[in-house]
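Colleague: Could you take me through one part of this model at close range? I would like to know what surrounds it, and then what the salt bridges and the sheet look like.

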Amino acid sequence: MNIKLTLLTAACALALSACGDNSAPPASTATPPPAAADTTPAQTPPAAPAEATTPATTAATPAATGTDPVVTGCEIVIESNDAMQFNTRSITVPSSCSDFTITMNHVGKMPVAAMGHNVVITTSGDMPGVAADGMAAGLEAGFLKPDDERVIAATDMIGGGETTSVTFSVSDLQAGEAYKFFCSFPGHSALMNGTLSVG
């Protein structure tokens with residue numbers, strides 16, 4: 001009898017402890033729904049800004065080429081850098097000049113053997129062959145084949161912090177012909193090139 005009473009008392013104690021305080025679970029249940037409701041609307045708007053960012057980035061890309069330097073009289077000063085870039089994509093040589101000078105400042109810091117630059121002028125059609133032959137000629141030759149008749153003019157190959165220039169006769173250029181200026185350091189001509197014309 002005492003055993004039954006003890007078991008009954010233990011069962012009642014367990015039942016009462018299992019009931020516990022019911023106020024905490026409803027409070028926890030009430031908190032998540034507002035948070036979930038707030039999260040869903042907050043995630044919807046970012047889709048519109050993401051689309052707006054893409055055109056802004058695309059629009060900024062052309063500005064990275066920089067502004068073209070201005071021809072002063074019968075000369076122009078251009079820049080090259082350690083990112084394999086000229087600060088211009090086109091040069092117009094005035095037809096009134098008898099001679100024209102291109103001066104290039106290498107505004108980078110890397111040495112000529114690592115990031116050398118020059119300015120080479122050829123016709124558009126001759127540029128790929130001159131660049132290929134220049135690679136075989138090596139650094140000591142300024143990455144130009146010696147006495148290459150396709151080369152109209154070329155500066156020395158220089159490293160960061162240095163300046164070089166070349167003067168050539170405008171009569172060597174024909175009005176209406178397509179010319180290119182480029183760097184003949186191996187692999188640079190793909191990025192470092194632009195058009196040169198007589199105007």
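Modeller: Happy to! Helices (H or I, at least four residues) and strands (E, at least two) are DSSP runs, numbered from the N terminus. This is a predicted model, in which local features need pLDDT of at least 70 and side-chain atom pairs count only at pLDDT 80 or more, while totals for chains, interfaces and linings use all residues. Residues are numbered from 1 along each chain as its sequence is written, and side-chain values use heavy atoms, with hydrogens and water left out.

Let's start with Thr 101, which sits in strand β3, residues 99-106. Buried means under 20% relative accessible area, exposed over 50%, and partly exposed in between, using a 1.4 Å probe and protein chains only. Thr 101 has 16% relative accessibility and therefore counts as buried. Leaving aside residues up to four places away in sequence, Thr 101 touches Cys 74, Glu 75, Ile 76, Ser 165, Val 166 and Thr 167; contact here means heavy atoms within 4.5 Å. With Thr 167 there is also a side-chain to side-chain polar contact at 2.7 Å. A polar contact is a pair of N or O atoms within 3.5 Å; within protein, one must be able to donate a hydrogen and the other to accept it, and residues adjacent in sequence count only if both atoms are side-chain atoms.

Now for the salt bridges, each a side-chain nitrogen of Lys or Arg within 4 Å of a carboxyl oxygen of Asp or Glu. The whole structure holds two of them. In one, the side chains of Arg 150 and Asp 133 meet at 2.6 Å, N to O. Arg 150 lies in the loop between α6 (127-137) and β5 (153-154) and Asp 133 in helix α6, so this pair ties together parts that are 17 residues apart in sequence. Arg 150 also forms a salt bridge with Asp 148, with the closest N and O atoms 2.7 Å apart. Within it, Asp 148 is buried at 10% relative accessible area, whereas Arg 150 is partly exposed at 25% and Asp 133 is partly exposed at 31%.

Finally, the sheet. Five strands form an open sheet in the order β2-β8-β7-β4-β5, with mixed pairing; two strands pair if DSSP finds at least two bridges between them. Strands β2 (90-93) and β5 are the edges, each pairing on one side only. Strands β7 (residues 179-182) and β8 (residues 193-198) run antiparallel and are joined by four bridges. Lys 180 has Thr 195 in β8 as its bridge partner.
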